[in-house]
Amino acid sequence: MRGDGSGPCAGRAAGRPPGRLGAAPSAGRAKTEELLRHAPRCCPRAGLHQASFTIALRTVDNVTVVIKLRPGVLVGCQIRVKNFFRSELKIKPGDNVTFTFTCSTPEKYFIMEIQKNIDCVSGPCPFGDVHLYPLGLPRLNRTFVWDVKASTKAGLELKFSTPWLRQIEPGETCPDFVSYNINSCIDKATVNIGTFCRNGSVSRVKLLGGVIMSLHLPWNSPLTTSGFNIANRASIKRLCIIESILKGESSVTLMSPNYPLGFPEDELMTWQFVIPSSMRASVFFHNYSLSNCERKEERVEYYIPGSLSNPEVFKLSDSQPANIPGSFNLSLQGCDQDAQNPGILRLLFQVVVQHPQVDENVTHLVDLSKELNMTVTIHFEGWPSRIPVMSEPICLICKDPRTCDRVLTLVSGTIYKISFLCKDLSRLRITAEKGISCVDLRWCQRKIFYLLVPKAITQLPIQLHKFIWKLLAPDLINIEITSPSLKLQQHVPEQRCNTSYSYSIVGATPETELNVGVFCPGGSVEKIQMRNNVTISLKTFGKRFLNESKHQDLQMSFVPHIKDECSFTVSPDPKAKVYLQTPNWPYGLPPYVSISWYVVVPKKQVARLGFSKDRMGIACETGRAYVNIKEETAGAEETVRREDEPLPESRNMYHDFWVNVSNCKPVDKTQLTLQFRVTLADKQIDLGVILAVLAGAGVLAAIGLTVCCVKKKKKKSQNPMVGVYNANVNTQVPGKQGLFTKGRKNNESHVYAVIDDAMVYGHLLKESNGSVSPEVDVYRPFDGPIGSLPPSPPPLSFRKDIKRSSNTEEPPPLTDTDHDTYTFAHQKSGQSEDIGDTSEKNNGDTSTSLLENKEQDGLVE
């Protein structure tokens, strides 16, 4: 054993008693007394009538008493001995001293130490009770110190009277402020066995060599006995033996010597636990560390009566024995440490004693042999964030009669028979995790994975806390989550889940984590498609889950790459509002993330779409944020709003439609959060609509007759045909160029809402001799030369759908205000007619439509 020459035992070789109390040097004390002698007497006189104390010490008792100021306290009270005032008083063996204090509350200023030296080497050892001596001491915080010298060949045994002792960690305070400290002395080395309070299970401590025993009492303690005796001397051939007696259901926490500092090198110590044979004990290591060994190995050894393999040897990292019937011994063995880097061996552990459980012999079969990539953990409530109080009744999970713990992890591919040592199984929980991955898309794209809780878990009498599926998708392969029959409801403030379980869905892209949201069964979300890896966590609420879990239908599959980070397919409930919100609520979408919803509208119904606020509420530092809305029908307009524009007002959607939200990089911490609702209603046609339709039909019939007449006149003419112009631009008869001040290349006079087929495909029509090459107008996606006049249509010989007419009658001339009053080109309200404005509005829009065909997006149903 190594010794550093410090501690209570260090001074023995030099001839001074160990733990010598620090009296001031004689010169310093004389100077202090001289100053006090000449100090003003007003303050001391105020305390002259205080009670006096007399301490007479016999020489044979070898007791020294020291009264001194408390550390850190200023001099506000003094000790008066005869006519002298001092701040410290030392009374040696054989002295008889009478003194008083100059204040009425000396306990606020002074402490007292009483040290007794006992020699069990050169003389007889005073076995029996150790008394508190001397009597009649002032009521001060006091420490009794018994320094007992003993040979290492004959150790000492300290026996404590009831209610015995309880070990505490360094720095911990006893409830009654009465504490014991035990130090072992071997040569010059000091080992702190531990600090103890009253009311515990430690009944005896056997020590190798000498001992320094300290008892700390507060000034108002009524204790009049030391509470221990020197019982015997015996060679124990180890550092110490600590006996702990446990009666009934209880627990005890113990620590290795010098805790949390290192256990002495290459030492051995033992704890003896005395337990009724009708009880069961379990050992738990809560905190330990290992040193760096050069030789041997650090270990713990158990001696269990009746065991066929005594001693049973365990590593400190092993699960320790449980369900031990009756008494047993536990020993800690150190090793030879590396001199350069010794490390620290320490141990804090708990022994729990409980009655045999009624169902401890009842085993539960957990068959995980057919499962892949799955772990099941049975644990106490609140694990791992909450650590149960050591005095709390314990629940144990056993995979065999002697291997039990508060937490037990089962792995897939194995069959287990487990049992429980627990009075209240409702305090236990199950957390499971399963991994699903795809390596070859050709194989896994055809496979549907059912995200169901295995029966091996639901049949246990333990509540399932959480089941986690980790879905791993390689590059260019995405994940699709569906709930065909139940569908999913997004948990939002306006529409909270009220089911026995819910799903938390989180997606992880290479750069950011996207918390999609919390969903529960019984909603309108049919499908969720996400990029890359996804984690789905099923969390249960209450006992209803056991019944409702039978109807789970959550599925997942791997699909080709999708465009957005996340895409939803929603079929609203005709009888309820559907609330949907962007992921990462309420913290907002990550920068540059795009989310889309495809909402299905039944044919005989109309959907009412509305946003919960007027604006997006962000300002962009880089890029632009957009909300795009478009119905899935031919010729439907696309509504686009930027972050600096008001969101669309509530509107009716008559066909399936898309809602897309694309984020920018905001200028501050505020991110993009949007919520919208969809409500279905039956389509209704009232009398006013019918009359309007009839009136419209009459107008169209009249227009048709007029157009017919005009066309007949045009057929009689060989003049070129003029297209139908946009009603919102200035139109003129070809040839009147004076009205087009900007020139045709810079205005919209040549932009048509409807163009005759012959004009559209005119560039494909040529005479056989190639003499005619029609001019091509501006009409996306065609391009070609642009002249100063509107293009002339091809000769009538090229127009296959127009018959030649012999009538050469000229059509009536067109006036400056001639233009068609109906057109199919719609302009947004407030849109400027200026071409420059139009270009600015379209700045930032992509040329590819947001709402592409689902098959083109790779959204394979």
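I first looked up arginine 624, which at 33% relative accessibility counts as partly exposed (buried means under 20% relative accessible area, exposed over 50%, partly exposed in between, with a 1.4 Å probe and protein chains only). I note that this is a predicted model, in which local features need pLDDT of at least 70 and side-chain atom pairs count only at pLDDT 80 or more, while totals for chains, interfaces and linings use all residues. Residues are numbered from 1 along each chain as its sequence is written, and side-chain values use heavy atoms, with hydrogens and water left out.

I found that arginine 624 forms a salt bridge with glutamate 643, their closest N and O atoms being 3.0 Å apart (a salt bridge is a side-chain nitrogen of Lys or Arg within 4 Å of a carboxyl oxygen of Asp or Glu). Glutamate 643 counts as buried, at 8% relative accessibility.

I also found a salt bridge between the side chains of arginine 624 and aspartate 644, at 3.1 Å from N to O. Aspartate 644 is partly exposed, at 39% relative accessibility. I noted that Arg624, Arg642, Glu643 and Asp644 are linked in a network of salt bridges, and that the structure holds 18 salt bridges.

**Nonpolar cores**

I then looked up the largest nonpolar core, which has 83 residues, and those with the most contacts inside it are Ile528, Ile536, Phe558 and Phe568 (a nonpolar core is a set of buried Ala, Val, Leu, Ile, Met, Phe, Trp, Tyr and Cys residues joined through side-chain atoms within 4.5 Å). Apart from it lies another core of 82 residues, including Leu89 and Tyr180.
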